[in-house]
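Please read them with the structure open.

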Amino acid sequence: MNNLELKRAILQKIEEFQTIIIARHVKPDGDCIGSSLGLREILRLSFPEKRILSVGRPASSFFDFIGSEDPDVGEEIYREALVIVLDTANRDRIDNENYIRAPFVIKIDHHIPVEDYGHINYVREDLPATALIIADFYETFKNKLKMNSFAARALFIGTVTDTGRFKYSGVNAETLKLAAMLLSYDFDITKIYSYLYIRDISEFKMHGYILNKFKTTPRGVAYFVITQRLLKKFNISAEAASSLINVLDSIRGHLIWIFFVENKKGVYRVRLRSRLIPINELAARYEGGGHAQASGATVRGKGQIKKLVIEADLLVGEYKDRNPGAF
Ligand code: AMP
């Protein structure tokens, strides 16, 4: 099926079901929450007689300013519901094990396809945020669907957070057209950026510490290990510290940058970022995956940290051998 046929099939299912539950991935980011709340609002406005919920385990409060998800509703209701899973490439990352009870599941995502877990799988790698897939869905059926400022704001936040404020590769004319449509609704962009940028002093101190102490490899990987001890010392959450990953994003010659964040003793969440070099396969070797330029993984113990860094260093070396003079 082409994209239009897939969109038609999705709308048909939405029309068919009385109860629709929107699910998302674990550790939700701005795109995940923004696309969920944006879609929920569009559907609630368009189909006021239906029961439409957005359900996920409570996570970090950073994105609470977008809006609130719904409390969980128990297993039974899933047996009659359409479940739409947003922004999630594979089953294991779905933050709602009840989705499995639903008679019909739709996957809507923009990541590199890993698993077709839905009855309909609508994946748009050409759009850099799931929020934009929802905006485009609205655009396609705007004679049938309704949008308001709340939905447009949520989708705009999803878009700006997943595109690095329209900076990452993947941003194209379609991105800006859809963003322009969202911006035609009335919401306060300055407030959005205040929520996204204003930081506690502890984060600034940590930022400075990372800039002083990050490590590098011979061929061009920059990395930093955030231990639990360090989190305590700076009185900062793992989430807030992890969000500083792009502190290392523009060091000349360093095409891959990595944070290892100790979540449990000896277990590290890995945040990998790169310019030019695909890193998702490297992440996949360490219980992870993601995009070509932004992936996540998990490592256990210092030995695995070393191993992953060496493999990243090799990737940069190979790339530079093929592309002399790269940034
Ligand atoms: P993060 O550094 O956690 O923001 O992750 C960057 C990207 O990689 C996100 O788009 C995630 O969806 C994806 N990702 C992170 N962790 C994993 C994982 N364990 N498995 C698959 N994809 C992941």
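1. Basis. The model is predicted, so local features are given only at pLDDT of at least 70 and side-chain atom pairs only at pLDDT 80 or more, while totals for chains, interfaces and linings use all residues. Residues are numbered from 1 along each chain as its sequence is written, and side-chain values use heavy atoms, with hydrogens and water left out.

2. Ligand shell. There are 13 residues around the ligand, and H111, R269, R271, R273 and G289 come nearest; a residue counts as near if one of its heavy atoms lies within 4 Å. The shell consists of one nonpolar, seven polar and five charged residues. In this scheme Ala, Val, Leu, Ile, Met, Phe, Trp, Tyr, Cys and Pro are nonpolar, Asp, Glu, Lys and Arg are charged, and the others, Gly among them, are polar. Strands β9 (267-274), β10 (289-290) and β11 (294-300) each supply at least two residues of the shell. Helices (H or I, at least four residues) and strands (E, at least two) are DSSP runs, numbered from the N terminus.

3. A polar contact here is a pair of N or O atoms within 3.5 Å. An N or O atom in the side chain of R269 is 2.8 Å from a ligand oxygen atom. For R93, a polar side-chain atom lies 3.3 Å from an oxygen atom of the ligand, and for H291 the corresponding distance is 3.3 Å. The ligand taken alone exposes 470 Å², of which the protein buries 81%; these areas come from the Shrake-Rupley method with a 1.4 Å probe.

4. Second largest pocket. Its volume is about 540 Å³, which is the space filled by probe spheres set on grid points joined across faces, edges and corners. A pocket is an open set of points on a 1 Å grid over the protein atoms alone, where a 1.4 Å probe fits, with protein on both sides within 12 Å along at least five of seven lines; lining residues have an atom within 4 Å of a point. Of the 21 lining residues, K215, V225, T227, K302 and I305 are closest to the centre. Helix α11 gives the most to the lining, with six residues. By class the lining holds nine nonpolar, five polar and seven charged residues.

5. Helix α3. Which residues of α3 are buried? They are T130, A131, L132, I133, I134, A135, D136, F137 and Y138. Because nine of the eleven residues of this helix (residues 130-140) are buried, α3 is largely enclosed by the rest of the structure. Buried means under 20% relative accessible area, exposed over 50%, and partly exposed in between (1.4 Å probe, protein chains only).

6. Positive phi. Most residues other than glycine have a negative phi. F166, not a glycine, has a positive phi of about 65 degrees; F166 lies in the loop between α4 (149-162) and α5 (173-183) and is partly exposed at 26%. E287, also not a glycine, has a positive phi of about 55 degrees. E287 sits in the loop between α10 (280-284) and β10 and is exposed, with a relative accessible area of 52%.

7. Two helix residues. H207, in α7, is partly exposed at 29% relative accessibility. H207 and I245 are 38 residues apart in sequence and 9.5 Å apart in space, C-alpha to C-alpha. E318, in α11, is partly exposed at 42%. E318 and N280 are 38 residues apart in sequence and 16 Å apart in space, C-alpha to C-alpha.

Conventions
Polar contact = N/O pair within 3.5 Å; in protein donor to acceptor, adjacent residues only side chain to side chain.
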